[in-house]
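Colleague: I would like to learn how to read a structure like this one. Could we go through it feature by feature?

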Amino acid sequence: MQKNELPQLEIVPTRRLILHEDVEEYRVSRIMARLEADRSRRNPPVVGRGGRGNRDIVLDGASRVSAARRLGFPHMLVQVVPYPSAT
């Protein structure tokens, strides 16, 4: 990202987000407790968009996405970055 360039933020369906790593249950539980208390987060997960089907792959924030899903959040604010195709 360039110095004066703002991040690309989008609200996306949580079901669209693809996790590429396992999560640690204790971290998900802690985040769930904070989300239930605050109903918001300040640091959105970073999502790489690209590849076949323009998929949204969670690059940073798998625990946050998992917590939001378990709490039944239908949508989530994410920061989108380009993600090169593997093919």
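Modeller: Start with burial: a residue counts as buried under 20% relative accessible area, as exposed over 50%, and as partly exposed in between. Asp-56 has 0% relative accessibility, so Asp-56 is buried. Keep in mind throughout that this is a predicted model.

Colleague: What share of the 87 residues of the chain counts as buried?

Modeller: The share is 34%. The chain exposes about 6000 Å², and carbon and sulfur atoms supply 49% of that area.

Colleague: Which secondary structure elements does the chain have, and in what order do they run from the N terminus?

Modeller: There are two helices and five strands. Their order from the N terminus is β-β-α-β-β-α-β.

Colleague: How does the radius of gyration of the chain relate to that of a compact globule?

Modeller: A compact globule with 87 residues would have a radius of gyration near 12 Å, and the 13 Å of this chain agrees with that. The C-alpha trace spans about 40 × 30 × 20 Å along its principal axes.

Colleague: Now the strands. Is strand 3 largely enclosed or open?

Modeller: Count the buried residues in the strand. In strand 3 (residues 46-50), five of the five are buried, so the strand is largely enclosed by the rest of the structure. Val-46, Gly-48 and Gly-50 point one way, while Val-47 and Arg-49 point the other way, and all are buried.

Colleague: Which way does strand 4 run relative to strand 3, and how many bridges join them?

Modeller: Strand 3 and strand 4 (residues 55-60) run antiparallel and are joined by five bridges. One example is Gly-50, whose bridge partner in strand 4 is Arg-55. The two strands form a hairpin with four residues between them, and Gly-51 in the turn has a positive phi of about 75 degrees.

Colleague: In what sense does strand 3 pair with strand 5?

Modeller: The sense is parallel, over four bridges, with strand 5 covering residues 75-82. Here Val-47 has Val-80 as its bridge partner.

Colleague: Which residue meets Asp-56 in a salt bridge?

Modeller: Arg-49 does, at 2.6 Å from N to O. Arg-49 is buried, with a relative accessible area of 18%.

Colleague: Where does the surface carry a nonpolar patch, that is, which residues make it?

Modeller: Leu-9, Ile-11 and Leu-77 make a nonpolar surface patch of about 290 Å². Leu-9 is in strand 1 (residues 8-13). With 45% relative accessibility, Leu-9 counts as partly exposed.

How values were computed
Residues numbered from 1 in each chain as written. Predicted model: local features only at pLDDT ≥ 70, side-chain atom pairs only at ≥ 80, totals over all residues. Heavy atoms only, no water. Patch = residues over 30% accessible without salt bridge, like charges linked within 9 Å, V, L, I, M, F, W, Y side chains within 5 Å. Areas by Shrake-Rupley, 256 points an atom, 1.4 Å probe, with all protein chains shown as cover. Salt bridge = Lys/Arg side-chain N within 4 Å of Asp/Glu carboxyl O. Buried < 20%, exposed > 50% of the residue type's maximum accessible area, 1.4 Å probe, protein only. Rg over C-alpha atoms; globule rule 2.2 N^0.38 Å. Pairing = 2+ DSSP bridges.
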